[in-house]
Amino acid sequence: MSNVNISKLKGIVGDAYVIDSPSEMAKYLKGQGKPAVVVLPASTSEVSSIVKLANEKNVKLGVGGAVVDTQGITGGIAMVMSRMNRLLEMDQLNLVAVVEPGLLHKEFLLKVAEFGLNFPPEPYEIETSSVGGCFAIGDSDSKSFEYGPTRTFLLGFEMVLPTGEILEIGNKCIKNVSGLDFIHFAVGSQGTFGIFTKLLVKLLPAPAAKKAVIGTFASMHKANAAFNTLIKRNVHPTRMNLINASLAKNAKPGTEGQLVIVDLQGFKESGKNIANEVASVLTLGGGSDVKIIEEGAEYDQVINGWLKVRAELNAKRSRTVEFVVGPMKMPQALAQLEALTGDLGAYPGVIVEGLLGYVCLALPEGTDKLDLATKVNKLAMSLGGNVKGLLGHKLKADVYNDAEMWKQTTSLLNELRQQFDPKGILNPGVSLEA
Amino acid sequence: MLSQAVVKRLKEIVGEKNVVTDKVGLLTYGYDGTLLSGEALGVVSPTTTEQVVEIVKLMNEHDIKLVPRGAGTNESGGTIPSEKSVVISFTKMTKIHEIDTENFVAVVEPGVINFDLQVELAKKNFYFPPDPSSFKASTIGGNLGECSGGPKCFKYGVTRDYMLGLEVVLPNGKVIQTGGRNFQSEPGYDLTRIIVGSEGILGLVTKVFVRILPIPRAKKTMLALYDKVEDASQTVADIVAAGIIPTTLELMDNLLINTTEDFTHAGLPRDAGAVLIIEVDGYQEDMDEQVKTIGEIASKIAKEFKVAQSAAEVDQIWTSRRSAFGSVARVRPSYGVNDITVPRSNFPKAIGGVLKVAKDFGVTIGVVAHAGDGNLHPLILFDQRNKEETETVHAAEQALCMMALDLDGTISGEHGIGLVKKKYLDKEFTPAAMEAFRKIKRSFDPSNRFNPGKIIDL
């Protein structure tokens with residue numbers, strides 16, 4: 001049934017780290033696929049040996065930090081990186097950390113904070129996300145306006161290629177344009193170019209002060225109008241986010257209406273003044289219970305509320321539609337969107353990252369995702385944006401009536417993938433088709 | 001030589017005056033910021049994406065390579081024509097399609113000069129952070145091709161951090177779009193990132209979506225003077241340790257202080273061992289505290305520290321820095337620019353390494369550096385007409401590159417690889433990494449049609 005050679009795997013990582021009983025495997029897996037085995041390597045050379053073995057036997061291999069997505073790896077190997085979870089180095093002079101991929105994102109954040117430093121990317125999932133996963137997904141998030149997207153924080157890595165070879169690239173220089181930029185190209189490639197086994201992460205000094213301003217709004221539209229006012233006033237907070245009424249309770253229990261969370265990371269003096277400015281703009285814009293939060297624990301609670309909602313939506317990507325428009329076009333976008341979705345406050349889930357013009361919609365049951373995405377994309381394109389990512393590209397090409405461009409893009413993506421993974425072994429569940 | 005038929009067809013595509021085939025004309029496109037040169041079969045200057053597509057198809061039919069070029073100010077040899085190639089010059093694609101300050105995006109053609117874009121943006125109180133010292137002449141397409149830096153990288157990053165999307169003509173003549181007007185539009189793989197800095201070997205960029213930012217509300221420019229270069233690097237380390245991220249930490253050594261002073265008369269003391277230009281930006285109310293902290297740090301070692309009191313003073317300081325490369329021509333007719341970069345903590349060692357190379361090879365080296373980034377530009381002064389001296393300079397340059405690599409650094413922080421540093425690339429990258437570059441090149445350009453021989457050989 002399966003070509004997986006369990007005894008060879010045991011020879012590589014030791015008996016205790018090869019798990020093939022379905023009941024014990026379950027906690028490492030998500031999705032509908034049925035891999036034959038879960039394996040937990042402890043070193044780069046073990047990862048390399050496993051990948052070489054998979055190549056020899058033509059076995060599919062899926063990789064995850066704590067949990068592996070099983071799509072496409074039925075009968076294959078699920079590799080869990082959680083034993084490779086060390087912080088290998090914290091270099092304060094160069095503001096760089098060297099970490100193993102299985103280190104949990106939340107634990108990394110604690111270590112970074114201990115050293116008075118800052119790693120801006122948000123965790124994809126609060127409890128189980130790993131640093132390796134963070135860069136494999138390589139997204140942007142609600143702090144990207146200020147700090148840049150996730151890729152900004154990768155200076156280099158060690159990677160096991162789909163053929164089992166080990167590739168090292170990058171250094172601790174914050175400026176490096178040598179060779180082709182494979183360092184940043186690998187970010188977001190979802191493990192299709194290789195498996196990260198070590199990451200050279202760029203850090204920043206921790207901000208001198210953190211504050212949040214929160215408030216609730218009876219309508220999404222009023223909240224967005226307030227965001228526009230802030231942008232016009234040249235105020236660019238670290239985060240400027242909005243959660244619709246249906247989800248707001250998950251972020252902050254007891255919230256009535258749409259919740260606005262403005263995060264201000266920066267200096268003490270300006271922080272005070274900007275917090276006051278934001279609070280008055282929100283109040284004048286129709287917000288109620290507007291509050292400036294200065295106390296650390298309460299600040300963390302508010303931000304964690306946001307991350308929780310964000311993670312809930314990340315967990316059901318197949319049932320969300322994400323799009324981006326110009327930030328100042330958001331009021332128009334939401335008004336037009338309501339013609340498609342009905343009252344946005346009552347919709348199962350809507351979040352807005354106001355500075356980035358980003359919206360994520362959690363779809364009601366029975367909604368045809370592709371149909372809605374197609375309509376949303378048209379709407380977004382008329383406002384300087386599009387549906388996110390690969391799906392967005394396909395829909396854009398449809399709008400341009402340019403099937404050739406879509407074909408050209410996907411053939412390029414597939415050619416790149418094949419150059420790195422000629423046998424199609426690694427993370428076959430990752431699709432480059434939309 | 002190009003056949004009459006090809007020349008005729010090129011002229012049909014772009015118009016008579018946009019095709020150069022005469023000897024003198026070709027000569028002027030054979031150079032860039034380096035000391036290398038080459039000769040193309042022809043130069044063609046398209047004005048639209050459609051024309052670029054037609055040119056690519058025509059060249060493919062005749063098996064002629066294409067070498068893209070902006071203003072040709074690069075320091076890597078990235079635009080030197082290779083054998084049997086036509087130069088495709090983007091200097092006539094200069095439209096600024098759109099500046100959308102409300103949504104932080106500008107859409108430009110690749111031939112737009114960085115400075116011209118800055119001027120238009122400044123009218124709206126916006127700017128485009130990457131501003132290499134060549135910004136008055138260099139194009140956005142060229143900045144993109146080399147992934148240029150500039151003095152603001154410590155806080156704001158390099159060109160790649162401001163590229164949101166591209167329109168690209170591939171080596172097979174097909175057009176794709178990468179990215180879009182935001183951070184979320186890459187199609188699965190981050191195609192924009194791999195094209196930025198690829199020196200035109202993967203595709204020809206015909207439209208660029210750039211991220212633009214509001215000009216910071218306030219900035220403060222400071223100047224610290226030192227007896228020794230090493231002292232200046234201590235200030236740099238201390239500022240970073242204090243948790244401050246200046247936009248700029250620019251360093252010039254005594255030689256450069258003197259050559260720029262000959263030219264600009266900015267009033268820098270000629271006996272200083274080094275000068276550090278420090279700039280912070282942000283909100284007005286945060287400036288005093290940062291300036292005070294930096295002043296305390298610098299004054300521990302610096303023999304003089306001052307804060308620029310007027311815009312004119314700031315201009316004066318920057319004129320010195322921006323003219324650093326050109327100013328050395330008064331001393332010797334030629335100079336070789338290096339772009340070595342080391343982890344910040346190794347910066348003092350790198351300075352020591354440069355002094356050692358100068359001594360070992362008996363060459364004159366001036367140092368200008370983006371000290372906060374660990375990025376040094378040692379300028380080796382010489383006379384290109386003297387063959388023996390030129391060879392010594394090449395050997396010294398190689399020693400500088402090896403020194404940077406020994407200090408866990410890179411041979412290029414912001415200039416690119418092109419032809420000049422290609423021979424050292426496999427010293428920096430392992431065979432597996434070199435092979436990864438070739439895999440990428442093969443995916444885009446299996447027949448090696450675009451800018452062949454730059455960065456890597458297939």
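How many salt bridges does the rule find across the interface of domain 2 of chain B and domain 3 of chain B? The rule finds two. A salt bridge here is a side-chain nitrogen of Lys or Arg within 4 Å of a carboxyl oxygen of Asp or Glu. One joins the side chains of B:Asp281 and B:Lys155, at 2.5 Å from N to O.

The structure is a predicted model, in which local features need pLDDT of at least 70, side-chain atom pairs count only at pLDDT 80 or more, and totals for chains, interfaces and linings use all residues. Residues are numbered from 1 along each chain as its sequence is written, chains are lettered from A and ligands numbered from 1 in the order in which they are written, and side-chain values use heavy atoms, with hydrogens and water left out.

Chain B is assigned four domains: domain 1 (4-89), domain 2 (96-214), domain 3 (218-326) and domain 4 (328-406). These bounds come from an automatic or database domain assignment. The centres of domains 2 and 3 of chain B, taken over C-alpha atoms, lie 29 Å apart. Ten residues of domain 2 of chain B contact twelve of domain 3 of chain B, contact meaning heavy atoms within 4.5 Å. About 890 Å² is buried between these two domains, 51% of it on carbon and sulfur atoms. Buried area is the accessible area (1.4 Å probe) that two parts lose on being put together, summed over both. B:Pro151, B:Phe154 and B:Lys155 supply 63% of the area that domain 2 of chain B buries against domain 3 of chain B, more than any other three residues.

Four residue pairs, both members at pLDDT 80 or more, are in polar contact across this domain interface. A polar contact is a pair of N or O atoms within 3.5 Å; within protein, one must be able to donate a hydrogen and the other to accept it, and residues adjacent in sequence count only if both atoms are side-chain atoms.

The next interface is that between the chains. Chain B contributes 81 residues to the contact and chain A contributes 75. The buried area is about 6800 Å², and carbon and sulfur atoms give 60% of it. On the chain B side, B:Phe183, B:Gln184 and B:Tyr189 lose the most area to chain A, together 13% of what that side buries.

Five salt bridges cross between chain B and chain A. A:Asp181 pairs with B:Arg160 in a salt bridge, with the closest N and O atoms 2.9 Å apart. The largest share of the chain B side that touches chain A comes from α16(B), with nine residues. Helices (H or I, at least four residues) and strands (E, at least two) are DSSP runs, numbered from the N terminus.

Chain A holds an open sheet of four strands with mixed pairing, in the order β1-β3-β6-β4. Its edge strands, β1 (18-19) and β4 (61-64), each pair on one side only. Two strands pair if DSSP finds at least two bridges between them. Strands β3 (residues 37-39) and β6 (residues 77-80) of chain A pair in the parallel sense over three bridges. A:Val39 has A:Met79 in β6(A) as its bridge partner.

Over all chains, the search finds 51 salt bridges. A:Glu294 forms one with A:Lys211, the closest N and O atoms being 3.8 Å apart. A:Glu294 lies in the loop between β17 (288-293) and α11 (296-314) of chain A, and A:Lys211 in strand β14 (residues 209-217) of chain A, so the pair ties together parts 83 residues apart in sequence.
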